[in-house]
Structures are given as C-alpha cells and as structure tokens.
Amino acid sequence: MAAGVLTAPPQAHAIYGTADIKPIESNIAAKFWATATASSGSATARSAIDGNPATSWYADGPSARQQLTVDLGGAYDNLRKVKVLFADRGVAYRYTIQVSADGRRWNEIADKSRNRAAERGAAHLFTRPGTRYVRLSIIGTSGHPRIGVSELQVFNYLRDDLVLGADMSWMDDHQNRQYWVNPESADKGAGPHLLDVAKDRGMEYSRLRIFNEPRNESTGQPAAIPRQGPERSLQSARWVKERNMGLGIDFHYADSWADPSKQPKPRAWAQLEFGDLTKAVYSYTRDYLGRLIRQGTKPDKVAVGNEIINGFMYGSEAALIGTTAPPYFVDQADVYQSKPGGGLLWRYWQSTDPEEQRLYNEAWDRFTTLAAAGIKAVRDTSPKTKVEIHVIVGTGRLAKTMEFWHQFLTRVKAKGQNPDVLAISYYPEWHGTPEALEVNLHTMATTYPGYEIEIAETSYPASGGNGSPMPNSPFPRTVQGQADAIQRIFQAANDVIGNQDTGVLVWEPAGWQSMFRAVPGMPDTWEPHASINVFNASRARHVLEDTVHVTTRVGGAPALPSAVRVLTTANNRISTVPVRWQALPDGAADKPGEVVVGGTTALGKVTAVVDVL
C-alpha cells in the first residue's frame with residue numbers, strides 16, 4: 001500500500017545543507033506487539049497486519065458477517081488513519097470500521113455498509129484519542145467471493161505533547177558565539193543566542209548537566225573556568241526560562257563526566273562516611289534546587305544521576321568493579337576510594353556464592369540509599385518537579401537493564417521514594433538498531449506501566465566516515481541522514497503504547513554530532529543544518545486520504561475522484577481538497593492488471609490504484 005504523504009511546514013530559510021523532512025507516519029498494526037483476531041480463519045489473522053500485501057487473512061467460508069479485530073497493545077492518542085486492502089480485486093465490499101479504548105464500547109469511524117463500488121481498498125480518516133482496538137466488520141460482498149483482507153493498517157502521528165528538545169549545556173562553553181538561522185541573509189532569522197535558534201526550530205525543552213565542582217577529567221584539578229558548575233548553570237537556567245522553554249536539571253553528582261564507565265565521587269565528598277555522604281546528597285540537591293526556584297527557574301524535571309546503570313558516586317567498591325576512569329579517580333585512590341560509595345557489583349549478579357550475593361545486595365542498598373536521598377530532596381523542595389532516573393540499555397543487554405529497574409524501584413520504594421520517569425540514552429553505535437530500541441522501550445513500558453518513559457539522550461552525525469552509516473544504523477552520515485535518524489527515534493518514542501513515552505532529547509547538538517556548522521568567513525558565527533527542521537516538520541498539520549482504489553474494465557477509462565478528503569489536525573475537521581491527476585500511460589487499460597496513477601493536491605501527493613479487469 002502506498003505510503004502516506006503529509007504536508008510539512010515550509011522551509012523558512014536556506015540553512016546549511018538540504019533535508020527532505022516529512023511528518024512522521026507509523027503503521028502501529030504492523031508492530032510486533034500488535035495482534036489480530038478474527039471471527040473465523042483465525043490461523044491467518046496475523047497475515048492481515050504483517051505489512052505484506054501478498055499475504056492475507058481469509059475467513060473460513062464465503063458467508064459475510066465476518067470480523068477482523070486488531071489490538072494495538074495499548075492506547076494511542078494520535079491515530080488518524082486506517083487503511084484496508086482486501087484480498088480480491090473487482091469485489092464490492094460492504095463494511096464498517098469501529099474503534100475502541102477497551103474492546104467493549106465501540107465508535108464507528110467508517111461506514112461503507114451500502115457500498116456498491118468494486119474497489120480493493122480505501123483510506124479512512126478519523127480522530128479518537130485513547131484508541132486501542134480497531135474492528136473491521138464485513139457485512140456483505142458482491143457475488144460470492146472468499147472474504148479476505150490483505151492489510152489492515154492503523155497509522156499513528158507525532159503527538160503534540162511528546163516533548164522534543166535537547167541537552168544544551170554546552171551553551172555555557174560558547175557564550176561568545178552568535179547563532180543565526182540564516183546568518184548570510186539580510187533577514188538572519190532567529191538569533192543571536194543558541195536557544196533562540198533552537199526554539200525557533202522547534203525545540204521545546206533544554207536539559208542542563210550540573211558538575212558539583214568542575215574539574216579536569218584527567219588531572220582532577222579544578223577547572224580554570226567552572227563550566228556547567230552550579231554557579232554558571234544558574235545563568236544557563238535563566239536563559240532557558242526567559243524563552244519559555246522547559247528546563248531539566250541533570251545532577252551528575254561528580255566533578256567531571258559521569259557515564260556508564262565512570263562515576264567519580266565529588267572531591268568534597270570523597271572521604272565522607274557513608275551516612276554523611278547520604279546527607280550531602282540530600283543537602284546539595286535541596287540547596288541547589290532552592291537557588292533555582294528563588295531566581296524564578298524552577299525545573300520541570302530533575303535527573304538524580306546520569307546514565308547510572310552501574311551506580312554512581314563510586315567509592316571503595318571500585319576495586320571490585322575494576323574502574324579505570326577517570327584518571328584522577330584511579331591515581332588518587334587513597335582519597336576517592338577510601339570510603340564506600342554507590343557503585344554496583346554486576347560481576348556478582350546471578351552468583352550462587354552466598355558471600356558474593358551479600359556483596360551484590362549491599363552495593364544495591366548503598367546505591368539506592370543515595371538515590372533515595374536525591375529523590376527525597378527533590379520532593380521536599382519542589383513537589384511538582386518530576387524525578388527522572390536515567391540509564392542505558394547496552395546492545396544485547398536488556399536483561400541487565402530490567403534487573404536494574406527491578407532492584408532499583410523495589411528498593412527505593414521500600415525507602416519511601418519513587419521516581420516519575422524511567423529514561424534511557426540511545427546511540428546506535430552503543431545501544432543497537434532502531435528496532436532494538438523499540439523492543440527496549442516496549443519492554444520497559446509494559447513491565448512498568450505506571451511510569452513515564454523518556455529518551456534522555458540521542459544524536460547522530462551529519463558527516464564523517466565517508467558518509468557511511470554508524471554501526472547498527474541504516475542512515476548515512478549526511479545532513480539528510482541526520483534528520484532521518486533523529487526522526488526515527490522520535491517515531492520509536494511516539495509509538496510506545498499508552499502514550500507512555502513523553503519526550504526525546506538530542507544530546508549537545510551544538511557540540512557533539514553537531515546540528516550546526518561554523519559559517520565560512522564569519523568569525524564566531526554558526527548556522528544550523530537543514531536537519532534541525534526535524535523538530536518542526538515531524539508533526540502533521542494535515543492527513544490526506546492519500547490512496548484511492550478504483551476499478552475499470554479493459555479498454556475503459558477509470559473514474560478518478562476530483563477531490564480527496566483531508567483531516568486538519570488542529571481542529572480535527574475533515575474536508576476535501578482538489579486533486580490533479582497525471583494522465584494514464586498509453587495502453588495502460590488495454591489488458592487486465594494494476595495501474596498506479598499519481599496525483600497532486602495543495603497539501604501533498606496522492607495515489608490512485610486502478611484495477612483493470
């Protein structure tokens with residue numbers, strides 16, 4: 001079946017490179033978690049949603065009054081189109097399509113119960129938030145053919161409430177730069193601040209990382225300029241809120257980078273006894289949030305730690321973990337590893353040795369005690385601010401992440417605390433294919449339906465490697481490939497059942513796998529890649545009835561419609577838009593078969609599929 005074509009906002013400026021970005025459209029019925037059942041012929045029901053029009057569900061007999069029901073696995077709020085493709089050509093199907101949130105109460109979205117036209121399929125537009133089930137009821141057919149459906153597709157579109165943003169911490173490093181949407185034009189567009197361009201291009205939210213006392217990652221000496229430290233980040237937070245963007249705070253609880261391979265304690269806490277370390281986490285978190293609130297920049301979300309799949313604030317347990325980074329943490333082990341911290345001992349996971357199991361559990365208890373202190377500090381200081389716990393799912397390591405969530409959530413709840421958001425990072429080179437990402441998100445969402453899910457970090461390069469894709473990715477390293485890769489992640493998040501994924505943040509688009517470039521001949525001036533339009537252009541303003549089916553006899557002229565329907569998402573209204581069809585190729589209808597004809601509307605392209613009988 002032809003892919004849907006939806007209109008994108010016009011390119012406002014000739015920014016660097018080119019990228020053809022269309023709104024996201026995703027067939028949820030073809031996802032691995034969707035299921036199909038039928039009133040008869042159940043053994044082939046799955047064939048109607050497998051994405052392959054060459055396979056079909058067939059009812060057991062020729063009798064009408066057959067039903068095919070698709071369970072999408074969970075509710076969706078922005079489904080807008082259902083396509084049906086019947087198995088046989090030249091048959092007039094009479095049918096209805098209904099949708100439901102619970103499988104008991106149904107609402108009709110399409111009524112073709114009086115249809116007399118022989119047409120193999122149709123596209124039906126609708127709006128019904130909370131839809132989980134789609135039911136096709138076949139009432140009758142012309143003649144006595146087998147009842148069969150090749151494809152029943154249900155299309156999802158990017159929700160307005162899926163927050164799209166970025167970690168923009170590096171704006172602190174580059175305060176002397178000017179950013180413009182189109183710096184070489186008389187009308188430069190949005191600028192000169194990085195956030196001006198980011199907001200204009202559709203970013204709604206900015207996360208800021210916080211180092212306790214910024215230090216050189218190699219030497220451990222205090223940084224000459226304490227970038228991303230508490231003081232300078234107060235100004236960054238003001239810049240974010242001045243633009244009415246959402247604000248996230250990402251406490252690293254370290255003086256330098258914290259990630260799965262390194263989680264150093266802050267120097268000021270390195271030699272504290274564990275009880276005092278716990279108090280320090282609470283006091284520091286509460287005090288800094290209080291400062292943010294007093295200056296009018298209350299965070300919308302706070303991450304207690306950064307990529308803490310292996311724990312955080314490592315101490316004496318680092319000897320068992322085998323930590324080799326950062327260098328100062330190893331070189332000054334007498335300081336940093338003198339007291340216990342919050343590192344996890346994964347080497348003892350599933351061990352049957354009682355002593356190793358004791359060490360494993362004690363490490364979990366220390367880690368979750370520290371994390372619970374951070375969560376409590378947020379709750380006590382800013383009850384409406386959401387709390388996020390941010391980890392990773394390494395390639396082929398989903399079981400480890402699910403063990404993390406089981407241990408973490410069980411233990412912090414026993415300590416009287418609970419986060420709101422379960423977040424992961426996703427970079428294909430480290431975390432697998434886009435399809436693996438969908439599996440990971442679905443597993444988390446279905447195991448823990450009471451939590452929001454978020455992709456807290458992602459990115460993709462626009463250059464390098466002679467344009468070849470990154471490992472585990474199908475997308476080339478080009479401006480277009482960057483847009484496509486990021487949009488694929490938006491789609492994966494948006495497709496999580498129950499509308500449970502609430503956001504996607506691109507990591508450091510001004511400094512890592514950048515979405516900007518320095519403008520030649522213009523010092524300290526930067527412009528965005530065309531790929532940055534993925535934030536604005538991924539949402540559909542209109543959804544077209546993009547495919548129509550008609551039938552004609554050999555030698556005849558098909559009667560193509562003069563207009564097709566269009567759904568305007570802003571008001572949920574369905575209207576029509578005229579179509580201008582291409583001429584049929586000479587002789588196209590001279591013999592039986594299928595002819596595809598392209599059409600153009602003011603809102604995008606459409607396709608007519610003509611069955612010649």
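In which loop does Gln 513 lie? Gln 513 lies in the loop between β21 (501-507) and β22, and Figure 1 picks up from there.

Before the close-ups, a word on the model: it is predicted, so local features need a pLDDT of at least 70, side-chain atom pairs count only at pLDDT 80 or more, and totals for chains, interfaces and linings use all residues. Residues are numbered from 1 along each chain as its sequence is written, and side-chain values use heavy atoms, with hydrogens and water left out.

Figure 1. Asn 466 belongs to the loop between β20 (452-458) and α11 (479-494). For labels like these, helices (H or I, at least four residues) and strands (E, at least two) are DSSP runs, numbered from the N terminus. Buried means under 20% relative accessible area, exposed means over 50%, and partly exposed is in between (1.4 Å probe, protein chains only). Gln 513 has a relative accessible area of 15%, so it is buried. Asn 466 comes out at 88%, so it counts as exposed.

Figure 2. You'll find Pro 192 in the loop between β12 and α1 (194-200). Pro 326 sits in the loop between α4 (318-321) and α5 (327-331).

**Figure 3. Helix α8 beside helix α10.** Two packed helices are described by the angle between their axes and the distance between the axes. Axes are lines fitted to C-alpha atoms, for helices over the stretch in contact, and angles run from 0 to 180 degrees between N-to-C directions. Helix α8 (residues 398-414) packs against helix α10 (residues 434-447) at an angle of about 25 degrees, with the axes 11 Å apart. That makes α8 roughly parallel to α10 (angles under 35 degrees count as roughly parallel, over 145 as roughly antiparallel, 65 to 115 as roughly perpendicular and the rest as oblique). From α8, Leu 398, Met 402 and Trp 405 meet Val 439, Asn 440, Thr 443, Met 444 and Thr 447 of α10 (contact means heavy atoms within 4.5 Å). By class, this contact of α8 with α10 has five nonpolar, three polar and no charged residues. Ala, Val, Leu, Ile, Met, Phe, Trp, Tyr, Cys and Pro count as nonpolar, Asp, Glu, Lys and Arg as charged, and the others, Gly among them, as polar.

**Figure 4. Helix α7 packing on α8.** Helix α7 (residues 354-381) meets α8 at an angle of about 60 degrees, and their axes are 9 Å apart. Among the α7 residues in this contact are Tyr 360, Trp 364 and Phe 367. The α8 side includes Phe 404, Phe 408 and Arg 411. The residues of the contact of α7 with α8 divide into eight nonpolar, three polar and three charged.

**Figure 5. An antiparallel sheet of three strands.** Strands of a sheet pair through backbone hydrogen bonds, either parallel or antiparallel. Two strands pair if DSSP finds at least two bridges between them. This open sheet has the order β24-β26-β27, with antiparallel pairing. At its edges are β24 (542-544) and β27 (573-578), each pairing on one side only. Six bridges join strand β26 (residues 563-568) to β27. Ala 563 has Pro 578 in β27 as its bridge partner.

**Figure 6. A mixed sheet of three strands.** Here the order is β12-β23-β22, and the sheet is open. β12 (178-179) and β22 (516-518) stand at the edges with a single partner strand each, so one side of each is left without a neighbour in the sheet. β12 pairs with strand β23 (residues 525-528) in the parallel sense, over two bridges. The bridge partner of Tyr 179 in β23 is Trp 526.

**Figure 7. Strand β25 and its partner β30.** Five of the six residues of β25 (residues 547-552) are buried. β25 and strand β30 (residues 604-612) pair in the parallel sense over six bridges. In β30, Val 609 is the bridge partner of His 549.
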